[in-house]
Amino acid sequence: MSIATAPGPKRLLAILPSLVLPPSILGAILTASKQYGIHNLPAWSIVLSCLLIHPVLLYVNCYIGRFIDQRAARKEGAILAPLVTDTGMTIISKLQKSFFKGYPGDVFQDYLEKYGQSVVGFNFFGNKVIYTTEPHHVKAILATQFESFDKGATLFSQFGSLLGVGIFNSDGDMWKFHRAMTRPFFTKERISDFEIYATMSDKALNLAQARLAEGYSFDFQDLVGRFTLDAATAFLCGRSVNSLSAGLPYPPHSTSKNTPLFYNHPSTSFLRAFNEGLNFTALRLGAGDDWPLYEFWKDEVAECRKEIDGFVEPLIKEALERREKKLRSGSSDKFGDGEENEERTLVEHLVNHTQDPKILVDELLNLLVAGRDTTMSLLSYSLYMLIEHPDIEDKLRKEILSKVGARAVPTYEALKEMRYTRAFLNGNPLNGRMNNKPVVLESPKGSNEPPLYVPTGTTMSYSVFHMHRRKDLWGPDALTFDPDRFLDSRLHTYLTPNPYIFCPFNAGPRICLGQQFAYHEATFFLVKLLQRFAHFRLDETKGVGVRPPETWKGVEGPQGTDRVMPHTTLTMSIKGGLWITMDELKVDDIEA
């Protein structure tokens, strides 16, 4: 990569005037005033003053900005979020440490507890951030004040190398264009075709069964990652990339048994580059607009994206070529199959709306992030909860047997009736938006607290993950994993009926188009899994997986019981994989 295109030099050029002008002007003033006898400061003190000008200006700007925001809040009868007093460097250091070795969101949770609030504010070198676990704030961000919140230029810059201008990295007209382009393909009729799920889930579970028969554990996270990738490409492109055909990896102590096909399969390099791209992108989040300074000479994500594009571009190229062939035949002015030119796949639908290769590749990659990673994460953590809670496994299987049967293939109608399974799968960790104008967020009804004032350009991060752990919302057993809380009286005792408390993927106008597709896919796989297997166990052999630090033991809450290491990128995953064993479930066992 040349100096002209390297991230660091480009960023330095952009901020050079703000870096050079203040010390230069101060130095010129002090030097000139000394020549005119106004002062007699030594040269070293003039140099020191020039070096300290930026920290002083930063402090002054933050102080003045806070004062201005407080006045604006008072005019609205509102207050500002309590400001964390730690320095920006201290906060960033804690976040980086937490990213590699911490529990998800533990830094923010510590601050919430320290200040005794459900919302706190941060100032990262002039960048304003608010972290909230208040349901009414989430409702405002996603629905009632939706137009006041965007993803923001900083997020676009951080995610741009990986997601380009796809639906998850756009706002305004471009976002509306993506929504309009993709929405028609996520209708009930489209997402209720379960043939893809049936084919892919059977293939995945057959691989798991074969590996267990060899006497080895297998990485469930890798298995469902390949299942969701194959299902997503089959649904989106009309043909699966067949990543399951590469086989499953053997445990770390038996990697010599991995076949050349596993290492050389195109999907393996794609997944490796994809995961690395997610990791590097997540690391940028704590650096704000200055992330290029940490990847000074090389955009690490762009290098991953090259390998990713090598996997995705042929799928788009193939669709464009089929469209051109169809149009040249003169049989239609629209690409599709059948007498009515029905578009069989989403890619066929996309190429009828735009032939811009970059937009198409970016859009497909964005949809693969949703179709593969989010559902992989959901299924992986669901299986882990079954390991830790055998009673929940029994409840799920009981519902499956009553609604689907011991070996029957799930139907749309059956899945719709499985309320406990849906409650079990509900959840979404963290997300955020940036407001494009001043916003006043109302306090919950019955609360004596004044509303919250949010200055323009504030990053509003909300945590459903921590919201579900608030004892004032869910009662004294809030830290106990219990899907029934979404079904019994607790839902109405501690919360007014409000879909935003769930936030399974998103809600309101920005609701994820693929939400129901993901729910159906995850539920279908879970049904097939529990029809065939039982008694899930974690492989705790030394060197298999990554274990949490000893400091987590004895801590109140989830980190006191976790036996796998969470890993946060753009989606949640389990560091080192989820290596498990399980028992095959015979029909006679079920009937007994």
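Two residues are in contact here when they have heavy atoms within 4.5 Å of each other. With that in hand, let us walk through this structure, which is a predicted model.

Helix H1 (residues 7-35) packs against helix H2 (residues 43-75), and the two meet in a right-handed crossing. From H1, the residues in contact are Ser18, Leu19, Pro22, Pro23, Leu26, Gly27, Leu30, Thr31 and Lys34, while H2 contributes Ala43, Ile46, Ser49, Cys50, Ile53, His54 and Leu57.

**A second pair of helices**

Packed helices are described by the angle and the distance between their axes. The table sets out these values for the pair just described and for another pair.

| Helix pair | Angle | Axis distance |
|---|---|---|
| H1 and H2 | about 145° | 9 Å |
| H9 and H22 | roughly 40° | within 10 Å |

H9 passes H22 in a right-handed crossing. On the H9 side, the contact involves Tyr197, Ala198, Ser201, Asp202, Ala204, Leu205, Asn206 and Gln209; on the H22 side, residues including Phe517, His520, Phe524 and Leu529 take part.

**A sheet with a helix on it**

Which strands build the open sheet, and in what order? Three strands do, in the order S4-S12-S9, with antiparallel pairing. Strand S4 (218-219) and strand S9 (533-538) are the edges, each pairing on one side only. Helix H9 (residues 195-213) packs on this sheet and touches S4, S9 and S12, its direction making about 90° with that of S12. S9 and strand S12 (residues 579-584) are joined in the antiparallel sense by four bridges. Arg537, for instance, has Thr581 of S12 as its bridge partner.

In soluble globular proteins, nonpolar side chains tend to be buried together. In this model the largest nonpolar core has 93 residues, and Phe220 and Phe536 have the most contacts inside it. Helix H15 (residues 357-388) supplies the largest share of this core, with 16 residues.

What does Phe536 touch, leaving aside its neighbours within four places in sequence? Its contacts are Leu383, Leu386, Ile387, Glu393, Leu529, Leu530, Ile580, Thr581 and Met582.

Methods
Residues numbered from 1 in each chain as written. Predicted model: local features only at pLDDT ≥ 70, side-chain atom pairs only at ≥ 80, totals over all residues. Heavy atoms only, no water. Pairing = 2+ DSSP bridges. Axes fitted to C-alpha atoms, helices over the stretch in contact; angles between N-to-C directions. Core = buried A, V, L, I, M, F, W, Y, C linked by side-chain atoms within 4.5 Å. Buried < 20%, exposed > 50% of the residue type's maximum accessible area, 1.4 Å probe, protein only. Left-handed = near helix turned anticlockwise from the far one by under 90°.
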